[in-house]
Amino acid sequence: MSIKVDSGSEFYDQQIKVAKESHEMVGWSSKWSQEARFDSICRLICFATDNPHIDLGDFGCGDAALLPWADKVLGARLGKYVGVEIYPPLAEMAKERLRGSSDCIKSELVDEVDFWVASGTFYRKGKTPEDQWEIWVQDVVEKMLKLARVGVCMNFLFKSKCDKFDDDLYYTSMGVWRTKFSEYCTTFVVHPKLYEFTMSIVRR
Ligand SMILES: C[S@@+](CC[C@H](N)C(=O)[O-])C[C@H]1O[C@@H](n2cnc3c(N)ncnc32)[C@H](O)[C@@H]1O
């Protein structure tokens, strides 16, 4: 299915102009919150598989800040890393971070890995209508699943935990995604301090 969605480039143009630190460029309020998201994702990967080798795909990787965190949590189990990033300045920064390694940054989701993950990639819908955005997200998650030998993991803004809403953001519930992927094993983590949930979807 081909759906046109807002890429969020105007938002990231602004962020890059004012950001003093890497996490601010991708819209996170603190390095701690960026790493808390990475931590939930990496722990859900560990929870889902005892594979000694995990190739990791990162859809909407920003400047590939997940890589050092995954390295810390997965250690010697971490295999190759592939990032996908649509916004060219961030893709360039990610390539710079990976310089000298065999890991790579691409503009499309094409690689087969063990786990595809997405942190924050499905938050900013911009001017895309909510129903269109949800169809696009489902389409992308299905594509990630097809390319993942074990499963996928991503986070979403948690509608029932939020009391303020921004029209440019997409809020959802666990039930919506549990139902959409009911033929898989779904696991959720709710961080006590973030208005989000993290979900893994793994083949039964
Ligand atoms: C909130 S940022 C998070 C970046 C990174 N995952 C992190 O946590 O540091 C979301 C990222 O997803 C990227 N993105 C959004 N839509 C995308 C798409 N269709 N394909 C690839 N990247 C996308 C954005 O450009 C942005 O870098």
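**Ligand shell and helix packing in a predicted model**

Of the 19 residues around the ligand, those that come nearest are Gly60, Gly62, Ile86, Tyr87 and Gly120, where a residue is near if its C-beta atom, placed from the backbone, lies within 6 Å. This shell divides into nine nonpolar, nine polar and one charged residue, with Ala, Val, Leu, Ile, Met, Phe, Trp, Tyr, Cys and Pro taken as nonpolar, Asp, Glu, Lys and Arg as charged, and the others, Gly among them, as polar. The model is predicted, and local features need pLDDT of at least 70, side-chain atom pairs count only at pLDDT 80 or more, and totals for chains, interfaces and linings use all residues. Residues are numbered from 1 along each chain as its sequence is written.

The protein chain contains seven helices and eight strands, defined as DSSP runs (H or I, at least four residues, for helices; E, at least two, for strands) numbered from the N terminus. The C-alpha atoms of the chain fill a box of roughly 40 × 40 × 35 Å along the principal axes.

Helix α3 (residues 31-48) packs against helix α4 (residues 66-74). In this contact, Glu35, Phe38, Asp39 and Cys42 of α3 meet Leu66, Trp69, Ala70, Val73 and Leu74 of α4, contact requiring C-beta atoms, placed from the backbone, within 7 Å. The residues of the contact comprise seven nonpolar, no polar and two charged.

Terms used. Axes fitted to C-alpha atoms, helices over the stretch in contact; angles between N-to-C directions. Contact = placed C-beta atoms within 7 Å.
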